[in-house]
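Thanks for coming. I will take a few spots in this structure one at a time, so please keep the picture open while I talk.

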Amino acid sequence: MNIIKVKLLILSLLFAYSAKALENIDGDNLNEEKIVNIQKQTKLIYPHILECTVSIGEGCSGVIVSEDGYVLTASHVIQNFMQTGEKLSVKLQDGVEREVERLGRSMIGDFALLKLKEDRKWPYVKIGSSESLSSNEVCLMLGHSGGYLEDRPAVLRSGFVRGYTATGFLRTTCTMMPGDSGGPLFNLNGELIGINSYCWEKEYENYFSPTDRIMKDWDRIKNGEEFNLTNPAYYNKTITKAKVKKGPFVLQMSNDAISKLIKEKSQIDEAVVYPIYSLDDDDELIIHATQIASDGIIVSKSSMIIEDAVRCKRKNGTFVKANVIGRSEENDLVFLKSDSLAEIQLTVSSEREIGDFIGVVDAENNVYQSGVIGVDTRNVPVQVSGMFGMEVDGLSVSKVYDNSNSFVAGIKAGDQILGINSMVFNTEDEYKSFMENTCPNQVVDVRLKRGSEDFETRVKLGPYENKHHPAYMVELSGKKEGFAKAFTFDIAIKPIDCGTPLINVRGEIVGVTIARSTRTCAFAIPIEVILEEYSQIVN
């Protein structure tokens, strides 16, 4: 018996044992033991399902489903490669690029099959039954959100099964975005139950090609057949709920069950979260802050607090002044002190793992959302530069998007870009090189030529926006990348809610939210990093 088969046998026995042990914990949704065991099961299967998840090209995902190297992905992923003529290849977690052969696909079902060309034994996941799923059954999703990154594995997200569309797609609350397309959806036995297909505007509207539908056409796609070559009916959002069943991985109160457990375990009596306001404007909420020490020390997002002093709103509605005592630019932290805040006792922990349940706390001490840690602590470089809101061909403006910052600044299609700030551009590469080092909200002076006339205009660069894709129709933080040490979680916080604490199922603070980065991901600074930087400021 080869090593991979032995490994899979051991994993299968572990999963089966875990599921059997959990059968006796199917009572109240707030049963702590059940939720903790679901968390344990998530962390148990995570290493293997991650090992089998692949990146396709630089911007899509897939999953290995057989020992001889068959890879499932989405049909629209393959369509993109066919249109561009780009060579198909995949990367496993080791980052090595490997060639694949394109086989069959169904456009209506949005699934496709590839085959790794290298003749060897591959790690793979078993294909499970999507029809056996229960409403509110916990599921896990992996994908390369936003595209493949060398310093980041496929991002883990958790969610709950909701039901099926009239056109046969499975809906869950696992959030996805471009880059996730073609990636895998799993049950907590580690079995594949769907392929990431598409999403809509709401974070909970995420749709998957179910495995039972795929397996009905397995022989056709394996034999290279392309069929049902019309686009799926994405517009149909009518949902038939999945059957309600009892089971070790079913939480009928879904996220609320986890949030309530975290609230119970945290035992926060005094306020630890404070809304932050400007000294000059009573009505303008800037951001939130978390108290981290009993002597009135709070921490928040530095780029949102540019003043040296602000006002904190207490639970009784009164305001107290807080003065800035230090900043950490590398993690976008600001530390403030107020002598009028209550003394508190906090329980913190530096112990975190991918797959841990966490909840975010608001100013009323409510745990209002929960999710999982999806990527461990790492350096988060700036990946997204500032954007004009226009298209450039060579150094000629080919299109200006309506109501973009360039449109407001008076730039028109046909204008020639001469330079920006002190830079003079002779080639498009020089222009692109400059733009790669900009950031959203940066103000630049652009020199242009229109006809025979040169002119200059000032533009505030914006974030990347793709108005044609629902994944980009969410509000993101201004500074959403560029942190020395941050971990990823999948709670859809609002940018203004940054500065709030994340608490685990043991009731311990493990970090403070710092940015809403994408539709699927937010970042938090680990609590031990915050306390260390505060200690340095004090000393």
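Leaving out residues up to four places away in sequence, N136 touches F160, V161, R162, F249, V250, L251, Q252 and S254. This is a predicted model, so please hear everything I say as a description of that model. N136 itself is found in the loop between β6 (111–116) and β7 (138–143). Is N136 buried or exposed? Its relative accessible area is 10%, and buried means under 20%, so N136 is buried. One of its neighbours is also a polar partner: the side chains of N136 and R162 are joined by a polar contact of 2.4 Å.

Which residues of α6 are buried? They are S254, A257, I258, S259, L261, I262 and S266. The elements that cover them include α2 (32–52), β8 (155–165), β21 (357–361), β22 (367–380) and β30 (501–504). Just after α6 comes Q267, with a positive phi of about 50°.

Next, the aromatic rings. The structure holds nine aromatic pairs. One of them is F169 with Y198, an edge-to-face pair at 5.3 Å centre to centre, with 85° between the planes. F169 lies in the loop between β8 and β9 (170–172), while Y198 lies in strand β11 (residues 192–199), so the pair ties together parts that are 29 residues apart in sequence. F169 counts as buried because its relative accessibility is 1%. Y198, at 7%, counts as buried too. Ring pairs also bring in W200 and Y207, and link them with F169 and Y198 into a cluster.

Rings also come with charges here. The charged end of K115 sits over the ring of Y70, 5.4 Å from the ring's centre. R311 lies over the face of F319, and there the distance to the ring centre is 4.4 Å.

Now to D151, in the loop between β7 and β8. With a relative accessible area of 37%, D151 is partly exposed. Which residues does D151 contact, leaving aside neighbours within four places in sequence? They are R378, N379 and P381. D151 and R378 are 227 residues apart along the chain, yet their C-alpha atoms are separated by 8.2 Å. Their side chains make a polar contact of 3.3 Å.

Last, strand β16 (residues 285–293). Why call this strand largely enclosed by the rest of the structure? Because eight of its nine residues are buried. β16 pairs with strand β15 (residues 273–277) in the antiparallel sense, over five bridges. Within that pairing, V273 has T290 in β16 as its bridge partner. β16 is also joined to strand β17 (residues 297–301) by three bridges, and these two strands run antiparallel. Here A293 has I297 in β17 as its bridge partner. β16 and β17 form a hairpin with three residues between them. In the turn, G296 has a positive phi of about 80°.

One general point to keep in mind when you look at strands: in a regular strand, side chains alternate between the two faces of the sheet.

That is the end of my list.

Key
Residues are numbered from 1 along each chain as its sequence is written. This is a predicted model: local features need pLDDT of at least 70, side-chain atom pairs count only at pLDDT 80 or more; totals for chains, interfaces and linings use all residues. Side-chain values use heavy atoms; hydrogens and water are left out. Helices (H or I, at least four residues) and strands (E, at least two) are DSSP runs, numbered from the N terminus. Buried means under 20% relative accessible area, exposed over 50%, partly exposed in between (1.4 Å probe, protein chains only). A polar contact is a pair of N or O atoms within 3.5 Å; within protein, one must be able to donate a hydrogen and the other to accept it, and residues adjacent in sequence count only if both atoms are side-chain atoms. Contact means heavy atoms within 4.5 Å. Rings of Phe, Tyr and Trp (its six-membered ring) pair if their centres lie within 6.5 Å; planes under 30 degrees apart count as stacked, over 60 as edge-to-face and the rest as tilted. A charge sits over a ring if NZ of Lys or CZ of Arg is within 6 Å of the ring centre and within 35 degrees of the ring normal. Two strands pair if DSSP finds at least two bridges between them.
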